[in-house]
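Work through the following exercises with the sequence and the model open beside you. Try each task before you read its solution.

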Amino acid sequence: MSTNTIVLKVTGMTCQGCVRSVDKLVKRADPQAQVNIDLPTGRLEASTQASAQTLINAINAAGYQAQMA
C-alpha cells in the first residue's frame, strides 16, 4: 500500500488532550501514520496508508467533526 498525505479540518478540539485523542484515532487506523495537528487552526496533516474517509469516520465517531481541508 502507498502512503498518502491527507489534510483534514477538524473542529471540536479545545485542548491538548483533544489533540492527543485525535492523534490516537489516526494511529489506531494506521499505526505507522505520521500525524501533525495544529490546535488553533484545527488542521490535521497525516502521512498514512489509511484512506481519508477512514480517518474522517473514526474522528467523527469520536465526537469531533472532520472534513477534507
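**Exercise 1.** Find the element in which Arg 28 is found, and decide whether Arg 28 counts as buried or exposed.

Solution. Arg 28 is found in helix α1, where helices (H or I, at least four residues) and strands (E, at least two) are DSSP runs, numbered from the N terminus. The next step is to look at the accessibility of Arg 28, which is 63% in relative terms, so that Arg 28 counts as exposed; here buried means under 20% relative accessible area, exposed over 50%, and partly exposed in between, with a 1.4 Å probe and protein chains only. Finally, compare sequence and space: Arg 28 and Lys 9 are 19 residues apart in sequence, and their C-alpha atoms are 19 Å apart.

The model is predicted, so local features need pLDDT of at least 70 and side-chain atom pairs count only at pLDDT 80 or more, while totals for chains, interfaces and linings use all residues. Residues are numbered from 1 along each chain as its sequence is written, and side-chain values use heavy atoms, with hydrogens and water left out.

**Exercise 2.** Describe how helix α1 and helix α2 pack, giving the angle and the distance between their axes.

Solution. Begin with the two helices, α1 (residues 16-29) and α2 (residues 52-61), which pack at an angle of about 135° with their axes 9 Å apart. Axes are lines fitted to C-alpha atoms, for helices over the stretch in contact, and angles run from 0 to 180 degrees between N-to-C directions. That angle makes α1 oblique to α2, because angles under 35 degrees count as roughly parallel, over 145 as roughly antiparallel, 65 to 115 as roughly perpendicular, and the rest as oblique.

Next, list the residues that meet: Val 22, Leu 25, Val 26 and Ala 29 from α1 are in contact with Thr 54, Leu 55, Ala 58 and Ile 59 from α2, contact being heavy atoms within 4.5 Å. The residues of this contact divide into seven nonpolar, one polar and no charged, where Ala, Val, Leu, Ile, Met, Phe, Trp, Tyr, Cys and Pro count as nonpolar, Asp, Glu, Lys and Arg as charged, and the others, Gly among them, as polar.

**Exercise 3.** How many disulfides does the count come to?

Solution. Recall that a disulfide is a covalent bond between the sulfur atoms of two cysteines. The rule asks for a pair of cysteine sulfur atoms within 2.5 Å, and by this rule the count comes to zero. Cys 15 is in no disulfide, since its nearest cysteine sulfur, that of Cys 18, is 3.7 Å away. As for accessibility, Cys 15 is partly exposed, with a relative accessible area of 35%, whereas Cys 18 is buried, with a relative accessible area of 10%.

**Exercise 4.** Which residues does Val 35 touch, not counting those up to four places away in sequence?

Solution. First place Val 35 in strand β2 (residues 34-38), and note that Val 35 is partly exposed, with a relative accessible area of 21%. With residues up to four places away in sequence left out, Val 35 touches Asp 23, Val 26, Lys 27, Leu 44, Glu 45 and Ala 46. For Ala 46, which is 11 residues from Val 35 along the chain, the C-alpha atoms of the pair are separated by 4.4 Å.
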